[in-house]
Protein chains: 2
Amino acid sequence: MFGFFRKPPQQNNSAQAAKERLQILLAHDRSDRARSDLLPLLQRDILEVVRRHMRVDSDAVEIKLERGDDMSSLEINIEVPDAQPRPAG
Amino acid sequence: MFGFFRKPPQQNNSAQAAKERLQILLAHDRSDRARSDLLPLLQRDILEVVRRHMRVDSDAVEIKLERGDDMSSLEINIEVPDAQPRPAG
């Protein structure tokens with residue numbers, strides 16, 4: 001549905017060889033519609049924890065939120081231009 | 001590949017009607033194999049942030065980690081037996 005695990009078309013371009021991607025998909029299947037705002041909250045928190053482990057430019061984050069009656073979904077795509085060292089700790 | 005968004009077969013059972021599910025999929029497409037341990041770290045941190053927003057029993061969490069040469073994937077499935085009120089704050 002989201003093309004999960006699709007390879008980007010520029011994958012074979014040597015200039016792109018060092019590109020690193022992290023894709024995060026969330027699906028929330030709920031019975032209580034009052035809880036429909038869970039995914040935007042998780043979006044913020046998850047981006048925060050990703051930033052603990054890798055350098056992420058705001059420009060490099062693409063987010064899609066879809067809300068349905070019973071199910072909401074959130075897609076977060078993060079591109080890291082080249083492998084950045086993780087901060088210690 | 002992971003059957004994302006699949007409905008559980010017991011969905012139509014009225015005893016299961018209040019069941020709430022959260023499915024989180026992560027795919028890490030990397031060039032630097034030294035970074036292969038990112039997903040287990042994110043697994044821990046993401047479960048922590050989910051617990052800020054909903055009550056999660058350890059029994060209700062199913063985790064699958066797959067490691068490939070260039071891509072690793074992590075699937076986290078969380079089932080909440082019935083809609084629990086979110087803790088305030």
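Start by selecting chain A of this predicted model: you'll find one helix and three strands. Walk along from the N terminus and the elements come up in the order β-α-β-β.

Of its 89 residues, 45% count as buried.

Next, select residues 38-53 of chain A, which make up helix α1. How far apart are the end C-alpha atoms of this helix? They sit 23 Å apart, and that agrees with the 22 Å that 16 residues should span at 1.5 Å a residue.

Now color the helix by burial. The buried set takes in A:Leu38, A:Leu39, A:Leu42, A:Gln43 and A:Asp45, and carries on through A:Ile46, A:Leu47, A:Val49, A:Val50 and A:His53. An α-helix has 3.6 residues a turn, so residues three or four places apart point the same way.

What do those buried residues pack against? Within chain A, show β1 (20-29), β2 (61-67) and β3 (71-80). Then bring up chain B, where β1 (20-29) and α1 (38-53) are also packing partners.

While chain B is on screen, pick B:Glu20, in strand β1 of that chain. Is B:Glu20 buried or exposed? It is buried: its relative accessible area is 0%, and buried means under 20%. Last stop: show side chains for B:Glu20 and A:His28, which are joined by a polar contact of 2.7 Å.

Conventions. Residues numbered from 1 in each chain as written. Chains lettered and ligands numbered in written order. Predicted model: local features only at pLDDT ≥ 70, side-chain atom pairs only at ≥ 80, totals over all residues. Heavy atoms only, no water. Helix = DSSP H or I, 4+ residues; strand = E, 2+ residues; numbered from the N terminus. Expected span 1.5 Å × (residues − 1). Buried < 20%, exposed > 50% of the residue type's maximum accessible area, 1.4 Å probe, protein only. Contact = heavy atoms within 4.5 Å. Polar contact = N/O pair within 3.5 Å; in protein donor to acceptor, adjacent residues only side chain to side chain.
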